[in-house]
Amino acid sequence: MSARESYAFIGLGHLGGHLAASLLRNSFAVTVFDRDPAAVERLLTLGATAAKSPAEAAALAGNAITCLPSPDISEAVLAGLGGLLEGLPKGGSWVEMSTNGQDEIVRLASLAKASGVETLECPVTGGVHLAAAGKITALVGGDAALYARHRPAIEAMCARSFLMGPIGSAGVIKVITNMLAFIHLVAAGEALMLARKGGLDLAQSFHAISASSGSSFVHETESQLVLNGSYDIGFTMDLALKDLGFALGMGEKFGVPLDLAARVKATFEQGKDTYGGSAWSTMIVKLLEDAVGTDLRAPGFPARLEA
């Protein structure tokens, strides 16, 4: 495949907008569609072409990439009226970068296959700030030859990619990584609160934990947004609950008790009830701050993460 292969890109939110921008920066032709005109306009300034529907974008490009907030929306964009399957040619490809459960992506891929369209699942992990810098990681499920065909585009958006196995494999590992991230986030908040109530300097405590055996990627990134007070991670409570629901569903299916994940999901449900589903997921730590009556703030930490 040529490095200048054309793609339709549907879903230009916090994550998808950055992924599409990386394609454009790497000389790919990109036709975009999103319900938010401002999101489309940002990509047009980088050289994208606008389409009036997913079907039109897919017909112009021949391949499609989606980055959407739920399996229901992915299905509507793929197979609904004006969807990708109306525009993609037989032999075209659908690269699904949304987070889906295993059963959902297998089912959606079968819908695409019935129309002669091949599917590659390609959810990403690492955070919006890494997507903005083209340094995020791709978790890939699907045929190895199809992966090779679209690898130039994947590498334009992502610093690393891992082919996990057939369709459904990437959905499993992506849900696992997100489950761990939410558990780590709640744990990091509790650790920082112990440090604060123990009379320690929070900035020094952050750095000490970062250099210790108790550190995690989430602590080293999201804890900074808690200490700043912005909580601005670009990922919502609703999305966290969706992914934790996938994890618990997998645990049930595979016969694995997920006690920590269940407890953390209950905490996020409380967070949604308190702050709303559109609140940043990092605000889950604010539940503890409010309960204790103590803010976790320290000078010198950013309002937003940069790679």
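Mentor: Rings of Phe, Tyr and Trp, with the six-membered ring taken for Trp, form a pair if their centres lie within 6.5 Å. Please keep in mind that this is a predicted model.

Trainee: How many aromatic pairs does this rule give?

Mentor: The count comes to four aromatic pairs. One of them joins Phe 182 and Phe 268, with 5.5 Å from centre to centre and 65° between the planes.

Trainee: Why is the pair of Phe 182 and Phe 268 called edge-to-face?

Mentor: Planes over 60 degrees apart count as edge-to-face. The planes of Phe 182 and Phe 268 stand at 65°, and the pair is accordingly edge-to-face.

Trainee: What makes this pair a tie between parts that are 86 residues apart in sequence?

Mentor: Phe 182 belongs to helix H9 (residues 169-197) and Phe 268 to helix H13 (residues 259-275), so the pair ties together parts that are 86 residues apart in sequence. Phe 182 and Phe 268 are both buried. Ring pairs also link Phe 182, Phe 235 and Phe 268 into a cluster.

Trainee: How do you know that the pair of Phe 206 and Phe 301 is edge-to-face?

Mentor: The cut-off is again over 60 degrees. The planes of Phe 206 and Phe 301 are at 80°, with the ring centres 5.1 Å apart, so this pair is edge-to-face. Phe 206 lies in helix H10 (residues 202-210), whereas Phe 301 lies in the segment after helix H14 (284-292), so parts 95 residues apart in sequence are tied together. Phe 206 and Phe 301 are both buried.

Trainee: Why are H9 and H10 called oblique to each other?

Mentor: Their axes come within 10 Å and cross at roughly 135°. Angles over 145 degrees count as roughly antiparallel and 65 to 115 as roughly perpendicular, while the rest, once those under 35 are set aside as roughly parallel, are oblique. H9 and H10 are therefore oblique. The crossing of H9 with H10 is right-handed.

Trainee: Which residues make the contact of H9 with H10?

Mentor: H9 contributes Ala 191, Leu 192, Ala 195 and Arg 196, and H10 contributes Leu 202, Ser 205 and Ile 209. These residues divide into five nonpolar, one polar and one charged.

Trainee: What makes Thr 119 count as buried or exposed?

Mentor: Buried means under 20% relative accessible area. Thr 119 has 8% relative accessibility, so Thr 119 counts as buried. Thr 119 is found in strand E6 (residues 118-121). Leaving aside neighbours within four places in sequence, the contacts of Thr 119 include Trp 94, Ile 105 and Leu 146.

Definitions and conventions. Residues are numbered from 1 along each chain as its sequence is written. This is a predicted model: local features need pLDDT of at least 70, side-chain atom pairs count only at pLDDT 80 or more; totals for chains, interfaces and linings use all residues. Side-chain values use heavy atoms; hydrogens and water are left out. Rings of Phe, Tyr and Trp (its six-membered ring) pair if their centres lie within 6.5 Å; planes under 30 degrees apart count as stacked, over 60 as edge-to-face and the rest as tilted. Helices (H or I, at least four residues) and strands (E, at least two) are DSSP runs, numbered from the N terminus. Buried means under 20% relative accessible area, exposed over 50%, partly exposed in between (1.4 Å probe, protein chains only). Axes are lines fitted to C-alpha atoms, for helices over the stretch in contact, and angles run from 0 to 180 degrees between N-to-C directions. A crossing is left-handed if the near helix is turned anticlockwise from the far one by less than a right angle, and right-handed if clockwise. Contact means heavy atoms within 4.5 Å. Ala, Val, Leu, Ile, Met, Phe, Trp, Tyr, Cys and Pro count as nonpolar, Asp, Glu, Lys and Arg as charged, and the others, Gly among them, as polar.
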